[in-house]
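Dear colleague,

I am handing over a structure to you with this message, and below it I have set out what was found. Please keep the structure open while you read.

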Amino acid sequence: MNEDLINQVLARDPAEDPHPDISEFGAERRRFIKQISALGAALIAFHNLPTLSVFARELGSSATAPAEGVALADAVSVRFTVNGSSQSLSLDARTTLLDTLREHLDLTCSKKGCDHGQCGACTVLVNGRRVLSCLTLAATLDGASVTTIEGLAHGEGLHPMQAAFVKHDGFQCGYCTPGQICSAVAMLAEWRNGMPSAVSSSGAPAPADLNEDELRERMSGNLCRCGAYVGIRQAIQEAAGGTVR
Ligand code: FES
Ligand code: FES
């Protein structure tokens, strides 16, 4: 700001001229406000740079997204079975198993909680073993057998783990439940096959009985924000044959 101009205005005797010419001062003030506004906009843009870049990328991708039925430049073909049904898909190589199930096959019971491998809500079985479908690329599953919660039941008959969850109220909102049940089914198979855990000493066979420490450790990848852990533990205990202590 022009200091001379400010001093002139302050030094002026109002009685001498009740309507001083402040046009130059006003011009200075407008210039100052413009500069501050530009600086503010630049700071906001800098602060939101990652968001803006994602936004720009989204804009770019939607602008260049191929129309339905048009082959993707980096598409891959993958064939696998899902709940016993053969699937042959052409997918963007970056598509996760979770998005494949939910977006391409309309199997929406596997949930997207964190999409970062931290909550277990997306757990499904691949060749009988539990995997986090949000961290698994569908392109890696050629020839695999995928089982989701929709495929655990046999017709109208619930899987014993599903029935146990219902019986023991192993859920509240139910969001984590498909992942909990898939994980519990595979966890019991791991335990019965003698797979050690962080609680079992390294290399030692799994304990004859699945005690509570083992159960907590082996199910620690599945979080329940409703805190329905008491019912979940009782359900798995029953499905395991009542051997949890
Ligand atoms: S959605 Fe996959 S671990 Fe949370
Ligand atoms: S029942 Fe709500 S998150 Fe587990």
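Glu-190 has a relative accessibility of 14%, and because buried means under 20%, Glu-190 counts as buried. Please bear in mind that this is a predicted model. Glu-190 lies in helix H6, and its side chain is joined to the side chain of Arg-130 by a polar contact of 2.9 Å. If residues up to four places away in sequence are not counted, Glu-190 touches Arg-130, Met-195 and Arg-218.

**How H6 packs with H5**

Two packed helices are described by the angle between their axes and the distance between the axes. For helix H5 (residues 160-167) and helix H6 (residues 177-192), the angle is about 125° and the axes are 10 Å apart, so H5 and H6 are oblique to each other. The crossing of these two helices, H5 and H6, is right-handed. On the H5 side the contact is made by Met-161, Gln-162 and Phe-165, while H6 contributes Thr-177, Gln-180, Ile-181, Ala-184, Val-185 and Leu-188. Sorted by class, the contact of H5 with H6 has six nonpolar residues, three polar ones and no charged ones.

Leaving aside neighbours within four places in sequence, Val-82 is in contact with Gln-87, Leu-101, Leu-105, Leu-107, Val-146 and Thr-148. Val-82 and Val-126 are 44 residues apart in sequence, and from C-alpha to C-alpha they are 9.2 Å apart in space.

Terms used: Residues are numbered from 1 along each chain as its sequence is written. Chains are lettered from A and ligands numbered from 1 in the order in which they are written. This is a predicted model: local features need pLDDT of at least 70, side-chain atom pairs count only at pLDDT 80 or more; totals for chains, interfaces and linings use all residues. Side-chain values use heavy atoms; hydrogens and water are left out. Axes are lines fitted to C-alpha atoms, for helices over the stretch in contact, and angles run from 0 to 180 degrees between N-to-C directions. Helices (H or I, at least four residues) and strands (E, at least two) are DSSP runs, numbered from the N terminus. Angles under 35 degrees count as roughly parallel, over 145 as roughly antiparallel, 65 to 115 as roughly perpendicular and the rest as oblique. A crossing is left-handed if the near helix is turned anticlockwise from the far one by less than a right angle, and right-handed if clockwise. Contact means heavy atoms within 4.5 Å. Ala, Val, Leu, Ile, Met, Phe, Trp, Tyr, Cys and Pro count as nonpolar, Asp, Glu, Lys and Arg as charged, and the others, Gly among them, as polar. Buried means under 20% relative accessible area, exposed over 50%, partly exposed in between (1.4 Å probe, protein chains only). A polar contact is a pair of N or O atoms within 3.5 Å; within protein, one must be able to donate a hydrogen and the other to accept it, and residues adjacent in sequence count only if both atoms are side-chain atoms.
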